Amino acid sequence: MKLPHKIAARVFTVICLVAILTVMMGSAVTAAAAPPPAGVKNIIILIADGAGFNHFLATDYYQFGAEGQQVYQKFPVKLAVSTYEYEWKTWNAAGTTPLSFDIYGYDSTLFWSDFGYAIQTNPLNPAFINNATDSASSGTAMATGYKTRDGVLGMDINGKKVPNIIELAESLGKSTGVVSSVNFTHATPAAFVAHNISRSNLAAIGQEMLYQSGVDVIMGAGSPDFNNEGGAVAPAPGSNTNIVGGWDTWQDISNDWMLTGADANGDGTPDVWNVIRDRSAFQAMAAGATPSRVFGLAKARDTLQHNRGGDVLADAFVVPYNPNVPTLEEMTKAALNVLDNNATGFFLMVEGAAIDWAGHFYRSGRLIEEFIDFNKSIEAVTSWVETNSNWDETLVIVTADHETGYLWGPKSMGINWAPIVNNGAGSMPGMAYYSDIGGFAWHSNSLVPLWAKGPCASSFVSFAINTDPVYGPYLDNTDIFTVMANCLVPKPAPTQRRWNMDSTLAMERSGTQSGFVVMSQNDGNIWHTDQSAQIDVVFPAGDWVVELATQDWDGPITIQIGESDGTVFNPFHANPVSGVRVGNTITFTISAGGTVPKGQFLALKVVRGDGIGPSKVNTAGKSFLLTPDTDPGYPVPELSAGILLALGLAALGGYLLIRRKKTLRAGNC
């Protein structure tokens with residue numbers, strides 16, 4: 001049935017207008033530069049020092065008699081995290097001086113086939129646990145994105161200072177803070193603030209944190225004038241006051257308004273620390289008006305509660321608490337109330353530190369005590385988010401830096417990983433420690449958990465490219481920094497074609513090496529894995545941006561862009577280009593152009609420039625390339641716009657023809 005001329009004309013008109021408007025809108029979207037995305041306002045990371053999956057589980061059983069009742073266990077993202085570090089590899093003949101180091105990683109197959117894998121000693125030096133990180137190294141990995149070696153704070157494997165997440169947040173005008181249940185110069189808070197070759201240099205670490213950093217809140221134990229029972233002692237020069245930065249620093253702390261640090265608010269002048277000591281002062285600071293910079297030094301020498309006297313092996317909450325010190329929950333609330341004075345936002349690290357100490361000394365009751373205070377701190381954070389902020393502007397991360405004690409159920413051995421025994425709420429669970437060396441429970445190379453909620457939380461999933469048969473997908477602790485950094489300073493949406501490097505290139509440190517990876521196109525949300533060109537694909541000359549992922553690269557590296565059949569590589573440009581590393585990403589910009597023949601692959605050649613130092617690059621799933629070409633030979637959105645344009649022109653032509661015939665007929669009548 002034919003439509004009347006008027007109706008047909010109107011139909012053609014509508015089609016024409018829709019097509020033209022669609023093309024115009026598409027062109028406008030393409031032409032207009034999208035504004036850079038805004039970064040997240042607040043990031044809060046809570047770290048259970050020394051806690052593996054079984055530490056979390058044992059506390060669940062004691063608190064609730066069941067797993068999964070904690071507020072963070074309902075967060076939308078739950079993953080596992082690897083924590084390994086650099087280990088000394090070779091030693092001098094006497095076995096006293098390390099000569100080289102390497103990374104052994106985490107091997108899930110070995111872990112679940114040999115109960116002793118995670119705690120085996122390094123055969124080259126039995127004094128060191130193979131691959132199990134310490135808190136300084138792991139804290140540095142999370143705070144900076146750099147793997148390093150045992151005891152190092154804020155420095156890479158060669159002792160070079162590297163920027164941390166707190167410094168990035170401060171560069172964006174945000175307030176920052178660290179809170180710990182042990183002395184504030186201890187490894188984890190120090191790793192987020194200081195840069196030092198050894199965690200043992202407490203005086204220098206304390207001075208850097210208090211006098212040189214721009215941190216707004218520091219809270220923890222470490223009082224040289226109190227013991228762990230809350231009793232007064234006489235401070236003296238030397239080790240007694242090194243824990244806070246030395247004798248002179250202690251004099252500044254002891255005199256009101258004498259402790260003046262670096263510029264914290266960005267006005268170019270040094271800023272005074274408001275010092276609080278009494279528990280009542282911490283409690284009062286949780287609400288109402290607060291100063292902008294606070295140093296809270298609890299009245300206990302080493303820890304808030306763990307090192308108090310009494311029967312240290314008693315069940316949880318049998319020995320009375322020291323009432324003169326704040327809880328970790330109270331310090332967390334106070335820190336939040338200070339930091340949220342800044343309308344630009346803040347970064348806060350909260351550490352349940354003595355969980356690790358309890359694990360080292362087989363103090364299961366105190367482990368439960370410390371963990372419950374840590375859990376209450378998380379509840380305080382989530383309550384603050386829902387009352388004073390929201391989940392669209394605040395990212396909360398709950399994780400651990402490593403596992404301590406190799407905690408499993410009783411009678412674990414051989415190939416038997418016995419589960420933690422649930423004895424009901426309020427009763428100590430059945431558990432045992434298996435990393436004993438000389439009466440001291442050491443760290444293990446086990447995975448630890450991570451939960452996240454808020455903006456960027458889903459980004460953790462994209463970094464979990466490995467899978468453990470028991471704990472599921474896992475990322476590395478360096479990825480925590482990357483997600484936080486990208487959340488603070490998100491990358492603008494790419495305007496060019498994006499290609500993912502999903503082939504694996506692992507480069508070791510034995511001599512000069514090269515290798516190449518083929519890439520796959522990201523067409524919207526669809527990945528074309530290792531797809532060869534369907535036609536000859538011409539890439540016009542322009543700037544190519546490459547982001548090459550690495551967890552532990554150190555040393556020179558160059559790349560070239562080209563095409564390959566999977567064996568032979570043909571570059572688009574003659575000279576390799578070197579890149580700049582920030583965190584665990586090396587960025588390159590290359591001016592090049594070329595053609596990928598039909599059946600060939602777009603490829604990247606990576607070359608190591610020397611044979612010294614550690615060097616491992618794994619591109620799989622984390623590296624990508626932006627090309628200057630908008631039509632690389634596969635179906636792309638431009639095709640749809642072209643079809644619509646053609647339809648629009650056809651509709652316009654048909655409409656004009658009908659109008660012409662109608663006019664002629666009207667003239668003939």
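This report describes selected features of a predicted model.

**The disulfide**

The count of disulfides in the structure comes to one. Cys456 and Cys487 form this link, with a sulfur-to-sulfur distance of 2.1 Å. The link is right-handed, with 90 degrees about the S-S bond. It connects distant parts of the chain, 31 residues apart: Cys456 belongs to the loop between β17 (448-453) and α14 (459-463), whereas Cys487 belongs to helix α15 (residues 477-488). The two cysteines also have their own accessibility classes. Cys456 counts as partly exposed because its relative accessibility is 25%, which lies between the limits of 20% and 50% for that class. Cys487 has a relative accessible area of 1% and is therefore buried.

**Cavities**

Four cavities of 30 Å³ or more are present in the structure. The volume of the largest cavity is about 80 Å³. Its lining includes Gly52, Phe53, Asn54 and His55, together with Phe111 and Glu403. Tyr406, Leu407, Trp408, Ser446, Leu447 and Tyr471 also belong to the lining of the largest cavity. Two or more lining residues come from each of α2 (53-64) and β14 (407-408). Helix α2 gives the most to this lining, with three residues.

**Strand β31**

Strand β31 spans residues 623-627 and is mostly covered, with five of its five residues buried. In a regular strand, side chains alternate between the two faces of the sheet. In β31, Ser623, Leu625 and Thr627 point one way, while Phe624 and Leu626 point the other way, and all are buried. The strand pairs with β24 (residues 537-549) in the antiparallel sense, over three bridges. Within β31, Leu626 is the bridge partner of Val545.

**Ser254 in helix α9**

Ser254 is placed in helix α9, which covers residues 247-254. A polar atom of the Ser254 side chain lies 2.8 Å from the backbone oxygen of Trp250. The C-alpha atoms of Ser254 and Val275 are separated by 8.7 Å, and these residues are 21 residues apart along the chain. Ser254 counts as partly exposed because its relative accessibility is 38%.

**Two residues with positive phi**

Phe317 has a positive phi although it is not a glycine. The description of Tyr362 likewise gives a positive phi for a residue that is not a glycine. Phe317 is located in the loop between β10 (294-297) and α11 (328-339). The loop that holds Tyr362 runs between α12 (354-360) and α13 (364-388). The table sets out the values for these residues.

| Residue | Phi | Relative accessibility |
|---|---|---|
| Phe317 | about 65 degrees | 40% |
| Tyr362 | about 60 degrees | 24% |

Phe317 counts as partly exposed because of its relative accessibility of 40%. Tyr362, at 24% relative accessibility, therefore also counts as partly exposed.

Note on methods. Residues numbered from 1 in each chain as written. Predicted model: local features only at pLDDT ≥ 70, side-chain atom pairs only at ≥ 80, totals over all residues. Heavy atoms only, no water. Helix = DSSP H or I, 4+ residues; strand = E, 2+ residues; numbered from the N terminus. Buried < 20%, exposed > 50% of the residue type's maximum accessible area, 1.4 Å probe, protein only. Polar contact = N/O pair within 3.5 Å; in protein donor to acceptor, adjacent residues only side chain to side chain. Pairing = 2+ DSSP bridges. 1 Å grid on protein atoms, 1.4 Å probe; cavity = no way out; pocket = protein on both sides within 12 Å on 5 of 7 lines; lining within 4 Å. Points joined across faces, edges and corners; volume = space filled by probe spheres on them. Disulfide = S-S within 2.5 Å.
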